[in-house]
Amino acid sequence: MRVKSSEYKKCNMKIWNEVAPRYHKRWATVSKGPFQSTQKLISSLQIKKGDHVLDVASGTGVVTKLLKQKVGKTGYVIGADTSTSAIKIAKKWNDKSQNLLFVNADAENFSFKEKFDIITCQYALFFFPNSQKALKNMRNSLKKEGVLGISVHGHPDRVPYFDSIFKAVTKFIPNYIPPGTPDFDRFGTKKQLKNEIKKAGFSKIKVNDYDFPYSPGTFEQYWKNYLRYVAKPIKEKLNKLSKSQRKELKDTVRGETRSYTKRDGTIQFPWEVLILTAKY
Ligand SMILES: C[S@@+](CC[C@H](N)C(=O)[O-])C[C@H]1O[C@@H](n2cnc3c(N)ncnc32)[C@H](O)[C@@H]1O
């Protein structure tokens with residue numbers, strides 16, 4: 001059965017409420033691998049002191065933390081996300097200040113009285129079932145001279161950290177990702193991403209691709225961390241596999257990682273990230 005987009009969103013919200021603390025610890029607080037993108041995104045936007053910035057799907061606040069430094073005391077930053085637990089972490093982790101605010105708002109439905117100089121959105125566009133609605137919403141909230149900055153993961157072939165597990169797991173658990181879930185890879189090429197942003201009315205679109213290699217340690221560490229950090233509904237599906245299926249699955253994933261494994265046993269994955277800037 002296909003999930004409706006409203007059901008998907010409810011479920012995704014629940015997942016992010018549950019996953020946020022682990023995501024924060026494992027990714028957001030460590031500027032390794034794909035999270036080198038935060039600095040790149042910020043530096044590609046030429047943010048000035050005094051700017052008003054909105055960070056859409058701000059998560060646990062990794063982007064807002066840097067944005068706040070850039071806009072200084074005369075500017076301000078709003079982080080918007082649908083996960084209350086992510087917002088709670090973001091508030092605690094980002095220093096308290098008058099010019100930084102976190103709000104519980106859906107990217108497809110928010111509205112602010114004011115217009116922003118800059119809008120950012122890191123690693124979230126692919127989660128929005130109606131990404132056009134979210135992008136048009138962002139455009140409506142941008143000043144005429146405003147700039148948009150988006151980061152997404154690249155094509156699955158160039159992000160084997162996810163793909164090595166995904167390819168194997170979907171063989172064992174066909175409904176691993178419930179039907180009706182938006183395709184998370186749909187903006188994974190420069191062309192796809194550019195077209196999507198253009199369709200929403202933005203101009204002067206530039207996309208750069210980066211490789212931020214990431215080592216998850218040995219295969220055993222990669223696998224253990226996957227099981228530890230995965231969202232609860234997926235863990236429940238994995239737990240339903242028999243012992244022999246689990247072993248077979250693990251061996252299949254191991255096979256997928258082999259070409260990225262160095263002589264000393266550690267895995268070194270490439271990790272493509274696309275960073276886009278566009279004008280109103
Ligand atoms: C991978 S995290 C990225 C968070 C942050 N931008 C970062 O770089 O760490 C994705 C975030 O998107 C949020 N999210 C998903 N769907 C959303 C929606 N429709 N509106 C607002 N936030 C949403 C999730 O709650 C989660 O915090």
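A salt bridge here is a side-chain nitrogen of Lys or Arg within 4 Å of a carboxyl oxygen of Asp or Glu. I start there since the first item uses the term. The model is a predicted one. In it, Glu220, Lys247, Lys250, Asp251 and Arg254 are linked in a network of salt bridges.

Take one pair from that group. Lysine 247 and aspartate 251 form a salt bridge, with N and O 2.9 Å apart. Both residues belong to helix H10, and they sit four residues apart, about one turn of the helix. Lysine 247 is exposed, at 54% relative accessible area, while aspartate 251 is partly exposed, at 34%.

How many salt bridges does the count come to by this rule? The count is 13. I will show two that link separate parts of the chain.

One joins the side chains of aspartate 106 and lysine 9, at 2.7 Å from N to O. Aspartate 106 is in the loop between strand S3 (100–104) and strand S4 (116–122), and lysine 9 is in helix H1 (residues 5–28), so this pair ties together parts 97 residues apart in sequence. Lysine 9 is buried, with a relative accessible area of 18%; the cut-off for buried is under 20%.

The other is between glutamate 256 and lysine 167, where the closest N and O atoms are 3.8 Å apart. Here helix H10 (residues 243–257) supplies glutamate 256 and helix H6 (residues 160–172) supplies lysine 167, so parts 89 residues apart in sequence are tied together. Glutamate 256 is partly exposed, at 23% relative accessibility, and lysine 167 is also partly exposed, at 38%.

Now the helix contacts. Two packed helices are described by the angle between their axes and the distance between the axes. For H1 and helix H8 (residues 219–229), the axes come within 10 Å and cross at roughly 145 degrees. On the H1 side the residues are Val19, Arg22, Lys25 and Arg26, and they meet Asn225, Arg228 and Tyr229 in H8. By type, the residues of this contact are two nonpolar, one polar and four charged.

The buried residues in H4 include Ser85, Ala86, Ile87, Ile89 and Ala90. Among the elements covering the buried residues of H4 are H1, strand S2 (76–81) and S3.

Next, helix H7 (residues 190–199). Which of its residues are buried? They are Leu193, Glu196 and Ile197. These residues cover an arc of only 95 degrees around the axis, so they lie on the same side of H7. The face turned away from that buried side carries the exposed residues Lys191, Lys198 and Lys199. The cover over the buried residues of H7 includes helix H5 (131–140), strand S5 (142–153), strand S6 (203–211) and strand S9 (272–279). Just after H7 comes glycine 201, with a positive phi of about 105 degrees.

Ile197 takes us to the core. The largest nonpolar core has 80 residues, and those with the most contacts inside it are Phe128, Met138, Leu148 and Ile197. If we leave aside neighbours within four places in sequence, phenylalanine 128 is in contact with Val56, Ala57, Ala107, Glu108, Cys121, Ala134, Met138 and Arg186.

Strand S5 holds glycine 149. This glycine is buried, with a relative accessible area of 0%. Not counting residues up to four places away in sequence, glycine 149 touches Leu41, Leu45, Ile119, Thr120, Cys121 and Leu276.

Last, two backbone details. Most residues other than glycine have a negative phi. Tyrosine 123, though not a glycine, has a positive phi of about 55 degrees. It lies in the loop between S4 and H5 and counts as buried, at 7% relative accessibility. Lysine 204 is not a glycine either, and its phi is positive, about 45 degrees. Is lysine 204 buried or exposed? Lysine 204 is exposed, with a relative accessible area of 65%, and its place is in strand S6.

How values were computed:
Residues numbered from 1 in each chain as written. Predicted model: local features only at pLDDT ≥ 70, side-chain atom pairs only at ≥ 80, totals over all residues. Heavy atoms only, no water. Core = buried A, V, L, I, M, F, W, Y, C linked by side-chain atoms within 4.5 Å. Buried < 20%, exposed > 50% of the residue type's maximum accessible area, 1.4 Å probe, protein only. Contact = heavy atoms within 4.5 Å. Helix = DSSP H or I, 4+ residues; strand = E, 2+ residues; numbered from the N terminus. Axes fitted to C-alpha atoms, helices over the stretch in contact; angles between N-to-C directions. Nonpolar A, V, L, I, M, F, W, Y, C, P; charged D, E, K, R; others polar. Arc of directions from axis to C-beta.
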